[in-house]
Amino acid sequence: MSAVNEILAQIGAAGRQEDGGYFRGCYSPEYFQAVDIVERQMQKIGMETDRDAAGNIHGVLPGNDPKAKSVVIGSHLDTVPGGGLYDGAYGVAAGLAVAKRLREEGKILRHTLEVYGFHGEESNPLGGTFGSRAIAGQVKPDQPGLAEALAAYGHNVREILDCRRDFSGVKCYLEAHIEQGDLLEQEGLKIGVVSGIVSVIRYRVTALGQSNHAGTTMMKNRRDAMVAMARLIAAADEECRKIDDTLVFTVGTIACQPGSENVIPGRVECTFEMRHMKKEKTDCLIGRIREIAAGIGTADFEITNKIDKGSVSCDSHLMEVISRSASEAGICHRIMASGAGHDANPMAHVTPIGMIFVPSRGGLSHCKEEWTSQEELESGTEVLYRTVLHLDEEAKE
Ligand code: GLV
Ligand code: MN
Ligand code: MN
């Protein structure tokens with residue numbers, strides 16, 4: 001088995017569930033089991049390692065030119081509940097496989113190579129991309145609910161703010177990831193050169209009606225928050241489809257109060273998520289949602305922004321180097337945007353980013369059926385390795 005597949009299989013010992021899915025949640029024992037595995041691998045390769053309060057693991061393979069900036073590779077080690085083996089862990093395994101190969105081939109780069117296993121990239125009470133936002137200085141101390149959520153994990157905001165690192169000595173950030181869509185598979189291609197990452201915008205939407213007796217309250221007299229919310233969701237879904245083919249809208253959570261079979265719901269709270277490369281498209285959708293909500297007479301709506309991660313662009317030079325590396329390796333590729341969020345998003349605020357996608361069978365991800373062949377994982381790692389070598393050959397910064 002190749003290095004990347006071996007390392008990935010080892011990480012896969014952490015958080016595996018009986019049905020074949022994975023769960024490595026925020027600050028969970030399963031997550032830290034994966035961190036332990038990655039730390040041991042890093043040390044075996046000869047990397048210096050450190051951890052931080054944000055839960056990240058970091059390995060460093062020193063270069064031989066003290067003036068050359070670091071090339072940083074990373075991805076995340078946490079998973080969604082019932083997720084797959086590949087989302088996140090692949091990018092960490094690919095980074096380690098590159099470091100291992102350099103050591104085995106006796107190549108010492110001019111640039112220091114750093115690999116991060118990030119914590120809390122998936123949606124969680126701390127807000128997604130938590131570990132990468134912490135090192136990039138993108139955690140806002142006044143983020144609603146952050147202090148309470150951290151306290152529940154035995155941490156505090158000060159410790160997380162202190163995880164911010166200096167990026168003046170970083171040349172760029174690279175991330176290999178599974179595509180999590182089916183474009184590459186549909187087109188029979190093996191590598192996606194990512195051009196940008198869509199925004200992730202979430203609103204807390206609350207419908208306020210009137211709880212009442214389910215048997216005695218005639219239909220014409222009801223202020224049913226659940227029905228009002230259902231109308232709004234269905235209308236928002238329709239609006240989204242009208243605005244743009246690549247605009248996406250999801251309601252992934254719902255909480256109903258009082259939550260009793262014989263009581264008309266008085267309060268229903270949902271998360272409305274929308275993603276696109278262009279802000280005007282998501283602005284347009286939330287504008288329409290507000291108008292529609294105002295016209296639904298059977299409940300009052302409160303709509304507040306929860307998360308607003310703007311879209312980011314990948315660095316054009318890094319895209320060119322990744323494309324060239326794929327061509328040289330004889331691997332067919334295309335340029336594409338990412339519909340999923342990634343740790344590269346916060347990194348884009350502090351350094352140029354480049355991302356390499358490998359195919360996802362059937363476009364499945366965030367589920368236990370997520371799968372990418374060993375050969376495809378190796379192709380992505382080969383492109384990452386060649387990209388690192390090309391960057392190392394570049395004229396001194
Ligand atoms: C992370 O996987 C996301 O795109 O939500
Ligand atoms: Mn991911
Ligand atoms: Mn994910």
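# Buried serines and a manganese pair

Biologist: Is S338 buried or exposed, and what is its relative accessible area?

Modeller: The term buried means under 20% relative accessible area, exposed means over 50%, and partly exposed lies in between, with a 1.4 Å probe and protein chains only as cover. S338 falls in the buried class, because its relative accessible area is 1%.

Biologist: Which conventions hold for the numbering and for the values?

Modeller: This is a predicted model, in which local features need pLDDT of at least 70 and side-chain atom pairs count only at pLDDT 80 or more, while totals for chains, interfaces and linings use all residues. Residues are numbered from 1 along each chain as its sequence is written, chains are lettered from A and ligands numbered from 1 in the order in which they are written, and side-chain values use heavy atoms, leaving out hydrogens and water.

Biologist: Which residue has a side chain that makes a polar contact with the side chain of S338?

Modeller: S338 sits in strand β14 (residues 333-338), where helices (H or I, at least four residues) and strands (E, at least two) are DSSP runs numbered from the N terminus. A polar contact is a pair of N or O atoms within 3.5 Å; within protein, one must be able to donate a hydrogen and the other to accept it, and residues adjacent in sequence count only if both atoms are side-chain atoms. A polar atom of the S338 side chain lies 2.8 Å from the backbone oxygen of A340. The side-chain partner, at 3.0 Å, is H342.

Biologist: Where does S132 lie, and which residues outside its sequence neighbourhood is it in contact with?

Modeller: S132 belongs to helix α4 (residues 130-135) and is buried, with a relative accessible area of 0%. A polar atom of its side chain lies 3.4 Å from the backbone oxygen of T129. With contact taken as heavy atoms within 4.5 Å, and with neighbours within four places in sequence set aside, its partners are N56, F118, D343, P346 and M347.

Biologist: Which residue bridges the manganese ion (ligand 3) and the manganese ion (ligand 2)?

Modeller: Donors are N, O and S atoms within 2.8 Å of the metal (3.2 Å for Na, K and Ca), and since water is not among the atoms, sites may look incomplete. The manganese ion (ligand 2) is coordinated by H76 (NE2), D87 (OD) and H177 (NE2) at 2.0 to 2.2 Å. The protein donors of the manganese ion (ligand 3) are D87 (OD), E122 (OE), E122 (OE) and H366 (NE2), lying 2.1 to 2.6 Å from it. The two ions lie 3.6 Å apart, and the residue that bridges them is D87.

Biologist: How many residues apart in sequence are the parts that E122 and H366 tie together?

Modeller: The donor residues of the manganese ion (ligand 3) are spaced D-x34-E-x243-H in sequence. E122 lies in the loop between β4 (113-118) and α4, and H366 in the loop between β15 (353-358) and α12 (374-393), so the pair ties together parts whose separation in sequence is 244 residues.

Biologist: What fraction of the accessible area of ligand 1 does the protein cover?

Modeller: Ligand 1 is surrounded by E121, E122, R275, A340, G341 and H366, a residue being near a molecule or strand if one of its heavy atoms lies within 4 Å of it. Oxygen atoms of ligand 1 lie 3.0 Å from a polar side-chain atom of E122, 2.7 Å from a backbone N or O atom of G341 and 3.1 Å from a polar side-chain atom of H366. Accessible areas come from the Shrake-Rupley method with a 1.4 Å probe, and for residues only the protein chains shown count as cover. Of the 200 Å² that ligand 1 has on its own, the protein covers 89%.

Biologist: What is the phi of Q180?

Modeller: Most residues other than glycine have a negative phi, and most peptide bonds are trans. Q180 is found in the loop between β5 and α7 (183-187), and at 17% relative accessibility it counts as buried. Its phi is positive, near 70°.
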